[in-house]
Amino acid sequence: MNRKYRKTVIAGNWKMNMTLSETKAFAETLKPMLGKHKWCDVVLCVPYVDIPAAIRLFKDTRVVIGAQNLHFESNGAYTGEISAEMLKEIGVKYVIIGHSERRQYYNETDVTVNKKVHAALETGLKPIICVGETLEQRELGGTMEYISYQVKCALAGVASDQMRRIIIAYEPIWAIGTGKTATAEQAEEVCENIRTVIRKLHGARVARSVTIQYGGSMNAKNAYELLAQLDVDGGLIGGASLKPAELMEIINAANQE
Ligand code: PEP
């Protein structure tokens with residue numbers, strides 16, 4: 001991380017976990033541990049139905065609430081969907097876009113990811129854009145090309161002055177929910193490559209200001225080393241973000257010079 005130029009952001013992705021009562025219990029446990037954590041922003045991307053309660057519960061803290069998806073249209077006949085405007089109006093600040101589980105199970109494509117990025121930006125939400133390769137792609141030596149392609153597609157049409165509001169999360173698919181973490185070197189190599197792609201698109205000044213996270217089985221044990229990498233500016237954390245004490249350890253691991 002390099003806090004001189006960009007924000008460190010620790011974001012939890014709760015996925016389809018946590019009922020309302022579990023959300024309340026989580027907040028009651030985490031809040032007394034929080035302190036000021038001025039060194040990083042903390043975001044909890046919770047299920048839609050937990051959002052209003054989570055916003056209320058964390059109101060007097062520096063934790064902000066995000067969503068895990070949105071629709072790219074602002075309204076209309078899209079049964080079961082939620083728009084950027086709906087999220088914005090209830091106080092959501094961030095939204096995960098293009099998580100590999102959505103790409104895999106819900107036909108999310110690079111085209112819909114790009115449309116969602118624009119919908120989020122136009123509404124004032126901050127997108128956390130997920131990119132990541134499969135194990136097969138890594139073993140074939142195609143990681144950098146594939147990630148560069150995903151980043152370019154996601155950012156198509158995004159203006160340089162919008163880039164400061166974007167977070168890119170590098171999440172190798174083989175590391176998500178598997179307990180297999182990328183090594184710090186692998187994470188840094190890809191995050192650095194993502195910054196190079198942004199530099200080519202928007203110049204060095206913009207590239208150095210964009211927060212790039214690593215995600216994939218990040219936990220209390222491996223967080224410090226991953227976050228010590230120059231181009232790893234935070235984490236997108238699934239399983240470990242469901243446990244307040246472990247999440248707090250990861251937040252503390254981001255307190256590095
Ligand atoms: C994720 O869901 O984005 C994720 C990284 O999950 P986990 O930390 O459980 O691997």
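Which polar side-chain atom lies 3.2 Å from an oxygen atom of the ligand? The views below are of a predicted model, in which local features need pLDDT of at least 70, side-chain atom pairs count only at pLDDT 80 or more, and totals for chains, interfaces and linings use all residues. Residues are numbered from 1 along each chain as its sequence is written, and side-chain values use heavy atoms, with hydrogens and water left out.

View 1. The atom asked about belongs to asparagine 13. In the side chain of glutamate 171, an N or O atom is 2.7 Å from a ligand oxygen. Serine 217 places a backbone N or O atom 2.8 Å from an oxygen atom of the ligand.

**View 2. Salt bridge between aspartate 233 and arginine 6.** Their side chains meet at 2.7 Å, N to O; a salt bridge is a side-chain nitrogen of Lys or Arg within 4 Å of a carboxyl oxygen of Asp or Glu. Aspartate 233 is in the loop between helix H10 (223-227) and strand S8 (234-237), and arginine 6 is in the segment before strand S1 (9-13), so the pair ties together parts 227 residues apart in sequence. Helices (at least four residues, H or I) and strands (at least two, E) are DSSP runs numbered from the N terminus.

Conventions: A polar contact is a pair of N or O atoms within 3.5 Å; within protein, one must be able to donate a hydrogen and the other to accept it, and residues adjacent in sequence count only if both atoms are side-chain atoms.
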